[in-house]
Amino acid sequence: GQYQAGSVVIGQAPPLSAGGHRRRSDVGLPADVPAGHSGVATMAGAVANLTKGIVGAGILAVPNGFRGSSIVVGVLGLVGTGFLSAMGFLAIGRACMLTGSTTYREAWV
């Protein structure tokens, strides 16, 4: 699988043991991870977490940015930042496509 101890990688988890469960030693999970959790993120879960982080940061930061500038400068800054973020995500996707990698980490190693 693509799982590496100490990190969460979107991909395939190690195979189940004979009893149908993953042992903590199989996946390299810390002792405080609840039983039944594989430590491998699904694509939907990763997208949801990324979206929550971006929206949460925006809700806190955008009003303060608009307060310190005019509405025109605030909107231009917001659009510019969104454009740069989109270009960064597209560059990561292109790097993964060109290298045949399925994770961000694999693309740069």
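Modeller: The buried residues of helix H3 pack against helix H2 (43-67) and helix H4 (104-108). Keep in mind that this is a predicted model.

Biologist: Which residues of H3 are buried?

Modeller: Gly-74, Ala-95 and Cys-96 are the buried ones in H3. Buried means under 20% relative accessible area. Across the protein chain, buried residues make up 16% of the 109 residues.

Biologist: Why is Leu-76 called exposed?

Modeller: Its relative accessible area is 58%, and the label requires over 50%, so Leu-76 counts as exposed. Leu-76 sits in helix H3, residues 71-99.

Biologist: What makes a nonpolar patch out of Ile-71, Val-72, Val-75, Leu-76 and Val-79?

Modeller: A patch of this kind needs residues with over 30% relative accessible area and no salt bridge, their nonpolar side chains joined within 5 Å. Ile-71, Val-72, Val-75, Leu-76 and Val-79 form such a patch on the surface, with about 490 Å² of accessible area together. For Leu-76, the 58% is over the 30% cut-off. A general point on helices applies here: with 3.6 residues a turn, residues three or four places apart point the same way.

Biologist: How do you know that the span of H3 is close to the expected one?

Modeller: H3 has 29 residues, and the expected span at 1.5 Å a residue is 42 Å. From the first C-alpha to the last, H3 reaches 42 Å. After H3 comes Gly-100, with a positive phi near 75 degrees.

Biologist: How many aromatic pairs does the whole structure have?

Modeller: A search of the whole structure finds one. The pair is Tyr-104 with Trp-108.

Biologist: What makes Tyr-104 and Trp-108 a pair, and why is the pair called edge-to-face?

Modeller: The ring centres are 6.2 Å apart, and pairing requires them within 6.5 Å. The planes stand at 75 degrees; over 60 counts as edge-to-face, so the pair takes that name. Both residues lie in helix H4, four residues apart, about one turn of the helix.

Biologist: Is Trp-108 buried or exposed?

Modeller: Exposed: the relative accessible area of Trp-108 is 55%, against a cut-off of over 50%.

Biologist: What does the secondary structure of the protein chain come to?

Modeller: Four helices and zero strands, so the elements run α-α-α-α from the N terminus on.

Methods:
Residues are numbered from 1 along each chain as its sequence is written. This is a predicted model: local features need pLDDT of at least 70, side-chain atom pairs count only at pLDDT 80 or more; totals for chains, interfaces and linings use all residues. Side-chain values use heavy atoms; hydrogens and water are left out. Patches are made of residues with over 30% relative accessible area and no salt bridge: like charges are joined within 9 Å, nonpolar side chains (Val, Leu, Ile, Met, Phe, Trp, Tyr) within 5 Å. Accessible areas come from the Shrake-Rupley method with a 1.4 Å probe; for residues, only the protein chains shown count as cover. A salt bridge is a side-chain nitrogen of Lys or Arg within 4 Å of a carboxyl oxygen of Asp or Glu. Helices (H or I, at least four residues) and strands (E, at least two) are DSSP runs, numbered from the N terminus. Buried means under 20% relative accessible area, exposed over 50%, partly exposed in between (1.4 Å probe, protein chains only). The expected span of a helix is 1.5 Å times one less than its number of residues. Contact means heavy atoms within 4.5 Å. Rings of Phe, Tyr and Trp (its six-membered ring) pair if their centres lie within 6.5 Å; planes under 30 degrees apart count as stacked, over 60 as edge-to-face and the rest as tilted.
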